[in-house]
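This briefing goes through a single protein chain by topic, with the coordinates at hand for checking. It begins with strand pairing and then turns to the pocket, the aromatic contacts, the backbone and the record.

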Amino acid sequence: MKPSFIQPPQLLWESGAFSSTPLVQKSTCIQDLPDIFADERAWHALPADQVVYCVEMIDSSPAEGEFYTGVTHLNPGKVGNEFFMTRGHFHARREQGEVYFGLRGRGLLLLQNEAGEARLEEVFPGSVHIIPGFTAHRLINTGDEILSALAVWPGVAGHDYAALPQGFALRVVEENGEIMGKEVQNG
C-alpha cells in the first residue's frame, strides 16, 4: 500500500500569516471595545472603524479533544496613554488552558486568576507562554509594529468575556516615556 501524504497548514513564522488552509477571520475595531479602555474621551475620539486587532484561525471543530489554532495580530496604538489590547477573557470552561507563542513585535501578556491576582509576561519573537486554566488573559501591544502571537487552545474551552465586569486588575500605560502596569482602583 502506498501511503498518502497530506499537506498540513503552514505558518510563516516571521509574519504570523497562514497559507494553504481555510481560515476563519475576524477583525475587532475601536467601536467593538466599549468600556475596555480607561479614557472614554480618548476612546470616542478615535475613528469607530479603526482596527485594533485581527484574528485568523484554522477552521476547526469545537468538539471535545479538538484544538483551535489561531494568530492574533494586534496593531500598535494607544487610547489616551493606554496601549492597544485585546478584549481579554476567561475560558467558559475555566479548567481549560492555552499556549501562546510570540511571533513578531513586542508586548505583554496580562494574566489574572479568579482571585484578581495579575501578572505580566513579556511577549516577543520566540517567547512561549503557558496560560493555565482558571486564568484570564489579554495581549497588549507596547511596541511600534504589529504584535503577532500564535495561540493553541481546546475546542471546548469557549470564551467568557462577562466574567470580568470590573475589567482586569492592571492597566498598561505609558507615562513619561516609561511603560508601566498600574493597579486599577475599583469602588
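This is a predicted model: local features need pLDDT of at least 70, side-chain atom pairs count only at pLDDT 80 or more; totals for chains, interfaces and linings use all residues.

**The largest pocket**

- The largest pocket holds about 430 Å³ of space, and its lining is made up of 21 residues, of which V55, T72, H89, H159 and Y161 lie nearest the centre.
- Two or more lining residues come from each of β3, β4 (51-58), β5, β8, β12 and β13.
- Y161, one of the residues nearest the pocket centre, also has R87 lying over the face of its ring, at 5.5 Å from the ring centre.

**Aromatic pairs**

- A pair of aromatic rings is described by the distance of the centres and the angle of the planes.
- The structure holds two aromatic pairs; one of them joins F37 and F84, with 6.4 Å centre to centre and 55 degrees between the planes, and is classed as tilted.
- This pair links distant parts of the chain, with F37 in the loop between β3 (23-29) and α1 (40-45) and F84 in the loop between β7 (82-83) and β8 (98-104), 47 residues apart.
- F37 counts as buried because its relative accessibility is 4%, and F84 is likewise buried, with a relative accessible area of 1%.
- Y68 and W153 also form a tilted pair, for which the values are 5.5 Å centre to centre and 40 degrees between the planes.
- Because Y68 lies in strand β5 (residues 67-74) and W153 in strand β13 (residues 147-154), the pair ties together parts that are 85 residues apart in sequence, and both Y68 and W153 are buried.

**Positive phi outside glycine**

- D35, a residue other than glycine, has a positive phi near 65 degrees; D35 is found in the loop between β3 and α1, and at 63% relative accessibility D35 counts as exposed.
- N176 is not a glycine either, yet has a positive phi of about 50 degrees; N176 is found in the loop between β14 (170-175) and β15 (178-183), and at 84% relative accessibility N176 counts as exposed.

**Annotation from the record**

- An unreviewed UniProt entry carries the annotation "domain: Glucose-6-phosphate isomerase prokaryote", which covers residues 31-180.
- Over the span of residues 31-180, the end C-alpha atoms lie 25 Å apart, and the composition is 4% helix and 45% strand.

Methods:
Residues are numbered from 1 along each chain as its sequence is written. Side-chain values use heavy atoms; hydrogens and water are left out. Rings of Phe, Tyr and Trp (its six-membered ring) pair if their centres lie within 6.5 Å; planes under 30 degrees apart count as stacked, over 60 as edge-to-face and the rest as tilted. Buried means under 20% relative accessible area, exposed over 50%, partly exposed in between (1.4 Å probe, protein chains only). A charge sits over a ring if NZ of Lys or CZ of Arg is within 6 Å of the ring centre and within 35 degrees of the ring normal. UniProt positions are given in the numbering used here, feature names are shortened, and annotations may be inferred rather than shown by experiment. On a 1 Å grid over the protein atoms alone, a cavity is a set of points where a 1.4 Å probe fits but cannot get out, and a pocket is an open set with protein on both sides within 12 Å along at least five of seven lines; lining residues have an atom within 4 Å of a point. Grid points are joined across faces, edges and corners, and a volume is the space filled by probe spheres set on the points.
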